[in-house]
Amino acid sequence: MTDITSLRERRRLATAAEIEAAALELFACGGSEHTTVDDIAAAAGVSPRTFFRYFPTKEDAVLGVKRDFYAAVSERIPPGAIGFDDLAGATAEALESFSATFLHRMVRVRCLGEHDANLRHRALLLDAEQCRQRQRHLGGDMHARLLVETLAVALNTALDDWAIRRHHGEDADLAGVFRATCAQQRALFQLG
């Protein structure tokens, strides 16, 4: 029974990855406005109906990398975490765990979002939902909101800085850039 479940899960993950890859390529070529669900489904070798079993919108198909990132961070947040360092540490550990391919996809999606209003809107909705979930996890008060939002600023700043460095040929380490960004933020706001 476990082998069958495992095989089904592997197939499910492979299909989702194929849809994501097709959507990412089509968005890179023509943007979300000129890409249809039918286009993505055809490129991935699935039906539109199968597409919708995996993703509610075409933009969501491209944002799988962000969902995977948030899930990895959530797995690493220690029970009872209440401080900036707890969340920053979990985020840095998640960043260290990702392959170069995964990080490249993260930056690619981020860059596409800069030029695609539909994708940017959907990404912002996903980010906002993740922030709300983290806030609830941390107690839902103003302290939790400030903590989560402050960390989001550090992460976005680090991602942008890292992408610029990589674009200029520097072999920058994203987790290291994130830690340095957090250190600057901590010093600026005296966080702990």
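Analyst: Happy to. Let's start with K66, which counts as buried because its relative accessibility is 17% (buried means under 20% relative accessible area, exposed over 50% and partly exposed in between, with a 1.4 Å probe and protein chains only). Before going further, a word on the ground rules: this is a predicted model, where local features need pLDDT of at least 70, side-chain atom pairs count only at pLDDT 80 or more, and totals for chains, interfaces and linings use all residues. Residues are numbered from 1 along each chain as its sequence is written, and side-chain values use heavy atoms, with hydrogens and water left out.

K66 sits in helix 5; helices here are DSSP runs of H or I with at least four residues, strands are runs of E with at least two, and both are numbered from the N terminus. If we set aside neighbours within four places in sequence, K66 touches A123, L126 and D127, where contact means heavy atoms within 4.5 Å.

Helix 5 itself, residues 64-76, packs with helix 6, residues 84-97, at an angle of about 125° and with the axes 8 Å apart. The axes are lines fitted to C-alpha atoms, for helices over the stretch in contact, and the angles run from 0 to 180 degrees between N-to-C directions. That angle makes helix 5 oblique to helix 6, since under 35 degrees counts as roughly parallel, over 145 as roughly antiparallel, 65 to 115 as roughly perpendicular and the rest as oblique.

Sorted by class, the contact has six nonpolar, two polar and two charged residues; Ala, Val, Leu, Ile, Met, Phe, Trp, Tyr, Cys and Pro count as nonpolar, Asp, Glu, Lys and Arg as charged, and the others, Gly among them, as polar.

Now for the charged pairs. The structure holds 15 salt bridges, each a side-chain nitrogen of Lys or Arg within 4 Å of a carboxyl oxygen of Asp or Glu. One of them joins D60 to R122, with the closest N and O atoms 2.8 Å apart. D60 lies in helix 4 (residues 58-62) and R122 in helix 8 (residues 117-137), so this pair ties together parts that are 62 residues apart in sequence. D60 is buried at 7% relative accessibility, whereas R122 is partly exposed at 26%. Shared partners also join D60, R67 and R122 into one salt-bridge network.

Another salt bridge runs between R105 and E20, whose closest N and O atoms are 3.1 Å apart. This pair links distant parts of the chain, with R105 in helix 7 (residues 100-115) and E20 in helix 1 (residues 2-30), 85 residues apart. R105 is partly exposed at 26% relative accessibility, while E20 is buried at 14%.

Finally, R136 pairs with E129 in a salt bridge whose closest N and O atoms are 3.5 Å apart. Here R136 is exposed at 53% relative accessibility, and E129 is partly exposed at 26%.
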